[in-house]
Amino acid sequence: MSQYKINEVFESIQGEGSFTGVPSIFIRLQGCPVGCPWCDTKHTWTIDPMLERSRDVVMAEQAESEHWFTHSVEQLLALFAAQGYQAKHVVISGGEPCMYDLVPLTSHLITLGYSVQIETSGTYEILTHVDTWVTVSPKVNMPGGKPVLASAMQRANEIKHPVAMEKHIEELDQVLKLLPATNKPLIYLQPISQQKRATELAIKVCIQRNWRLSLQTHKFIGIE
Ligand code: SF4
């Protein structure tokens, strides 16, 4: 039975990429070795056995925390019901969700009629149900030293790239070379931390390349 280490589960509105505005249940998995300096979920990086807590303790926490709990697919669905979630779209993120075999979880959700999206750095093999929408946010030259995999780029339905400076565009151009001619994912640029210069750069390049702009709309309206 597959077990997942979970940092948080909550219902909100997807704020980024193609599904912006879609009511969603978010499952944030624990663990990530990629080490992006500007990561806004550093509390998910470590899987420390001493920080495992019960589901109820983690679900009751109001602030970001390094605590996590373990659940099977069946337990997660029971949690959805207990919480009274209404959304029919599930976003599995992290941390780095592809540290886990996501086939059992994504398959079960899709069988039940949910649409499912994962958000990954592209540094792990992607193991999901074939109908899962894969968002690759390629993390290039990060301190963790993990390369972006060609197999992840080939599986991507959308590429969502955080940008703050020109070198981030150059890095994206490098990983886009991994795309096979048969895969033409949507490409989004997302300004890092809503910085003005980053936003101006993203707008300029999106217009030049006919790419799309992804804003972290949930941060503008003050929701999780
Ligand atoms: S891959 Fe994602 S979770 Fe991991 S360090 Fe980078 S931004 Fe943070």
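**Entry 1: model.** I note at the outset that the model is predicted.

**Entry 2: α2 and α3.** I began with the packing of helix α2 (residues 73-83) on helix α3 (residues 103-111). Their axes lie 10 Å apart and the angle between them is about 45°. The two helices are therefore oblique to each other. I recorded the crossing of α2 and α3 as right-handed. Next I listed the residues in contact: α2 brings V73, E74, L76, L77 and F80, and these meet P104, L105, H108 and L109 of α3. By class, this contact has seven nonpolar residues, one polar and one charged.

**Entry 3: α5 and α6.** I then turned to helix α5 (residues 166-176) and helix α6 (residues 196-209), whose axes come within 10 Å and cross at roughly 40°. That angle makes α5 oblique to α6. I found this crossing to be right-handed. From α5, the residues E166, I169 and D173 take part; from α6, their partners are L201, K204, V205 and R209. I counted three nonpolar and four charged residues in the contact of α5 with α6, and no polar ones.

**Entry 4: the largest pocket.** Which residues are closest to the centre of the largest pocket? I first noted its volume, about 1100 Å³. The lining comprises 47 residues, and R28, D40, T41, S93 and G94 are the closest to the centre. I looked up the elements that give two or more residues to this lining: the strands β1 (3-13), β2 (23-29), β5 (115-120), β7 (158-163) and β8 (186-191), together with the helices α1 (55-60) and α7 (217-220). With five residues, β1 gives the most. The lining of the largest pocket divides into 19 polar, 16 nonpolar and 12 charged residues.

**Entry 5: the largest cavity.** How many cavities of 30 Å³ or more does the structure hold? I found one. The volume of the largest cavity is about 50 Å³. I listed its lining as W38, P138, K139, V140, M142, H161, P162, H168, E171 and I192. Both β7 and α5 supply at least two residues of this lining. By class, I recorded six nonpolar, two polar and two charged residues around the largest cavity.

Technical notes
Residues numbered from 1 in each chain as written. Predicted model: local features only at pLDDT ≥ 70, side-chain atom pairs only at ≥ 80, totals over all residues. Heavy atoms only, no water. Axes fitted to C-alpha atoms, helices over the stretch in contact; angles between N-to-C directions. Helix = DSSP H or I, 4+ residues; strand = E, 2+ residues; numbered from the N terminus. Parallel < 35°, antiparallel > 145°, perpendicular 65-115°, else oblique. Left-handed = near helix turned anticlockwise from the far one by under 90°. Contact = heavy atoms within 4.5 Å. Nonpolar A, V, L, I, M, F, W, Y, C, P; charged D, E, K, R; others polar. 1 Å grid on protein atoms, 1.4 Å probe; cavity = no way out; pocket = protein on both sides within 12 Å on 5 of 7 lines; lining within 4 Å. Points joined across faces, edges and corners; volume = space filled by probe spheres on them.
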